[in-house]
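The sequence and the model come next.

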Amino acid sequence: MTQDRHSDIGIHGLHAHQAAHGIQRLHLLSRTRKFALIVVGVLLTGAAIVIGLRFAKATELAEVSKQQATRYVTVTSPRSSATDNVLRLPGTLQGIIEAPINARTNGYVSRWVKDIGDPVKRGDLLAVIDTPEVAQQLNEAKATQAQATTNLQLAKSTFERWDALRKRDAVSQQDLDEKRNALAVAVAADNSSKAAVQRLQDQLGYSRIVAPFDGIVTRRNIDIGTLVDSGGSTRVLFTLAKSDPLRVYVYVPQSYSGQIKAGNAVGITLSEIPGKVFEGKIARTAGAIDTLTRTLQVAIDLPNPDGALLPGAYAQVAIKASGGNANALTIPNNALLFRPEGPRVAVVGDDGKVRLQPVVIGRELGVDIELASGVTAQDKLIINPSDSLSNGDAVSVITPPADKTTAPATPATSKGKAS
């Protein structure tokens, strides 16, 4: 009925139009749904990528932190010194005679003749000091001596006359005794004036500074015009040294002192002359143990005819000795830690953990130290340990390269590596 009415008023195809519109809405909804799925997929993919990148960065950061937190160390093992019967000690080469040359008179340096490095013979002139005041004092002393000599002659002749008069009983004994006493005073005054002249002549002779022995000038501390004073220890004019032979002083530990005898041969080496061993001989010992260091001072003579060795040089002295502690071990001195509770070494265990081990120092051997107890030959000791090391710290041992020309060493992972 309604349809007929719509037909009558000219309204046609309403249902067909609605159906077409619904189909369009379905297509639009389908496209929107696909677009939404694509957007969601893109967002999920982006989120997954971001999460993956963050996870990778976090893992990388954790690995870097792990590597930075790990302490890499170099280790060494103690060496047994039981088979080494050579006692090695540090020493300093000295001239057999070394003396500072001071002035014995006052004045100014007028000239110097010898400079550093010049060889000199005993009596050679080193410098000349101008001493006008001493020369003036000498002139006054000579005038005083002449006056004293004249007084002595007068006193002597007077005594002789009064002695002759006393024999004729012309004067009293008291008068003769007075003349005898006057003669004695005149003799004493004359002797005193002669001594004063001689002293000033000797002092004037000290204006010539001469070498007291054969040697070489190792220091010159003056120049023309320098003011010097008599016996002034504050200004040494020259320093002389006799370098043939040389003298070396070493200090032998008490445990080896019984084997040190005068005349024993020793070998001396210098780092600047590798492979060369200079033969010396023990000249004498102190004959007593120093109560502070518990060592025996030993003097060694070393021939140096060609002057190849210089006084003041550092040397290593090797002495044949089989005593000491048979169980002693030698380690580098840079493996020691000095703590308030005593010396320690940092030992790396099989688990990669550090153990601070107390040790007893036997003797110092220059770059090495002999330990009386505290470590074994199988221990791995850290070289140049950090002061912040503590018991239980985890470390990673660096394996040194086999050859210096190879690539740098890479850390070798050990058990218990810090995480």
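## Backbone exceptions

Aspartate 169 is exposed, at a relative accessible area of 58%, where exposed means over 50%, buried under 20% and partly exposed in between (1.4 Å probe, protein chains only). The model is predicted: local features need pLDDT of at least 70, side-chain atom pairs count only at pLDDT 80 or more, and totals for chains, interfaces and linings use all residues. Residues are numbered from 1 along each chain as its sequence is written, and side-chain values use heavy atoms, with hydrogens and water left out.

Most residues other than glycine have a negative phi, and most peptide bonds are trans.

| Residue | Phi | Location |
|---|---|---|
| Arginine 294 | about 55° | loop between E13 and E14 |

Helices (H or I, at least four residues) and strands (E, at least two) are DSSP runs, numbered from the N terminus. Arginine 294 is partly exposed, with 47% relative accessibility. The peptide bond from aspartate 244 to proline 245 is cis, with omega near 0°, and proline 245 belongs to strand E11.

## Nonpolar cores

A nonpolar core is a set of buried Ala, Val, Leu, Ile, Met, Phe, Trp, Tyr and Cys residues joined through side-chain atoms within 4.5 Å. The largest one has 23 residues, and Leu93, Val250, Val252, Ile268 and Ile300 have the most contacts inside it. At least two of its residues come from each of strands E4 (86–101), E11 (238–253), E12 (265–270), E13 (273–289), E14 (295–302) and E15 (314–320). Another core, of 17 residues, lies apart from it and includes Ala103, Ile129, Ile222 and Leu240.

Contact means heavy atoms within 4.5 Å. Beyond its neighbours within four places in sequence, valine 252 is in contact with residues including Leu87, Leu89, Ile260, Arg294, Leu296 and Ile319.

## Rings and charges

Arginine 220 lies over the face of tryptophan 112, at 3.9 Å from the ring centre, and lysine 276 over that of phenylalanine 278, at 5.6 Å. Such a placement requires NZ of Lys or CZ of Arg within 6 Å of the ring centre and within 35 degrees of the ring normal.

## Whole chain

The chain has 4 helices and 23 strands. Of its 419 residues, 29% are buried. Among contacts between residues at least 6 apart in sequence, 72% join residues at least 24 apart.
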